[in-house]
Amino acid sequence: MSNTTAREAALDILEQIDKNQSYSNLLLNHAIKKFNIKGPDTGLLTELTYGTIQRKLTLDYYLTPFIKKKLENWVRNLLRMSLYQMLYFDRVPERAAIHEAVEIAKKRGHKGIAGLVNGILRSIQREGVPSLNDILDPIERLSIETSHPYWLVARWNEQYGLEKTKKMCETNLLAPVQTARVNTLKTNREAVLDQLNAEGVEAKPSSIIPEGISIMKGNIAHTNAYKTGMLTIQDESSMLVAYAMNAQPGETILDMCAAPGGKTTHLAQSMNNEGQIVALDLHPHKIKLISDNADRLGIECIEGTAIDARKAHEKFEAGSFDRVLVDAPCSGLGVVRRKPDIKYAKSENDLEGLTAVQHSLLAAAVDMIKPGGKLIYSTCTVDHAENNDTVAKFLREYKQMELTALENLPEAIQPLVQDNILQVFPQDFNGDGFFIACFEKKQN
Ligand SMILES: C[S@@+](CC[C@H](N)C(=O)[O-])C[C@H]1O[C@@H](n2cnc3c(N)ncnc32)[C@H](O)[C@@H]1O
């Protein structure tokens, strides 16, 4: 296995993302298996792929003056990936990055293309990249500097102002920290930290979530601790939902958008595996993900059903749930740090379509809740239209629902709550951008 193979695999993934709009995390797992990539090469492949996607617009800005003719897409991706190594990768000397690029160009193309790639990269090495100071429009500059599409920076600037937008865009460029949730039904945080340590994984307690841990080094997915259900991979922001739900042992809960079950299983944990959680998802194949997760974690109170949650009233009696969770499908603009391809894949039109689905899911939840019961709405986006505007429209249309205080959130989170609404930004504590609101159904 050579470094060249890791680079070819990275190029393959970049190509597929452009062609099929597939998600980088899925393609990466597939490529690791397909190219049999192991050990340090897994790190190289991951960093090259994510880094190149993360910095795509900046890299294109730097490459443009040096490209004099139309290039095939794979050549452009090869140039992006090689320039990424030259500019942002300390452990690869520039000449090695150029040499590898030329070798791949020879193999995939022909001598002419190899010469072209060599010429462009050597010119950049000699002359340096153009300065970003030449960009006068602050939105455009932030867009190029942090590689977020112009429309997105302009939209966030309108919603949150330039300073917050800048921090968000800059945080999205940092390497993500993996976090996990300890399965308190089986063990405790100290024991899991000891076990991971013994298995060669460096981890420490989360400063936000009592049962959360942050992984500093190593891959927990391959550990016995993971396989035997002592913990599950979940972002700290996502863990806040079970806190906000505040579900009690013995209650009946409806989780309307449940797969793959990260929050469903956390709810079961917080209910001490006592009560009933009905977990819905539109896609039948995803229901298996919920039951696989529950089985691994030793959870028995979850019952999965494949159904469009907007038709929940056809299957369940009105008013039969103490609490309902709508963890809605959303743009995912809060998780750009972990899934950088999201920022290029979404458009403003997509956001409009999503707000309609979010609204109809909330509308369907109303009938399901007992009078006096609670509804939690959550998303992993930072978009005002998907979050606050959806809440405002819901409250206008459903007078029996009241926005209520978010009780039971961990202490460190409480200062982030404003007017009963929690909007987490990626820069707040390095977790995903995330939104939570809680409604109570008035007594008749
Ligand atoms: C944000 S994800 C849920 C993540 C999940 N709650 C967790 O913590 O693991 C949204 C889910 O909603 C599902 N979904 C989308 N539209 C739906 C609908 N109309 N009814 C039910 N589920 C739907 C998607 O398949 C997706 O799995």
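Which residues does Ile-376 touch, not counting residues up to four places away in sequence? Val-241, Ala-244, Met-245, Leu-325, Ile-436 and Cys-438. Touching, or contact, here says that the C-beta atoms, placed from the backbone, lie within 7 Å.

Some ground rules. This is a predicted model: local features need pLDDT of at least 70, side-chain atom pairs count only at pLDDT 80 or more, and totals for chains, interfaces and linings use all residues. Residues are numbered from 1 along each chain as its sequence is written.

Back to Ile-376. Ile-376 belongs to the largest nonpolar core, which has 71 residues. A nonpolar core is a set of buried Ala, Val, Leu, Ile, Met, Phe, Trp, Tyr and Cys residues joined through C-beta atoms within 7 Å. Buried requires 20 or more other C-beta atoms within 10 Å of the residue's own; 12 or fewer is exposed, and in between is partly exposed. Ile-376 is among the members that touch the most others, together with Met-256, Val-324, Val-326, Ala-365, Leu-375 and Ile-436. Where does this core lie? Domain 2 (133-171) and domain 4 (236-441) both contribute residues, so the core lies between them. Another core lies apart from it, with 35 residues, including Ala-9, Ile-13, Ile-98 and Ala-101.

Now the domains. Besides those two, the protein chain has domain 1 (3-130) and domain 3 (178-233). The bounds come from an automatic or database domain assignment. The centres of domain 1 and domain 2, over C-alpha atoms, are 25 Å apart. Their contact takes seven residues from domain 1 and five from domain 2. On the domain 1 side, helix H4 (residues 56-63) gives the largest share, four residues. Helices (H or I, at least four residues) and strands (E, at least two) are DSSP runs, numbered from the N terminus.

Next, Cys-380. UniProt lists Cys-380 as "active site", in an unreviewed entry. Such annotations may be inferred rather than shown by experiment. Cys-380 sits in the loop between strand E9 (369-379) and helix H18 (385-397). Buried or exposed? Cys-380 counts as buried, because it has 25 C-beta neighbours inside 10 Å. Among the residues Cys-380 touches are Cys-330, Asp-432 and Phe-434.

Last, the ligand. It has 19 residues around it, and Cys-257, Gly-262, Lys-263, Ala-309 and Asp-327 come nearest. Near requires a C-beta atom, placed from the backbone, within 6 Å. Helix H14 (262-270) and strand E6 (276-281) each give two or more residues to this shell.

Conventions:
Contact = placed C-beta atoms within 7 Å.
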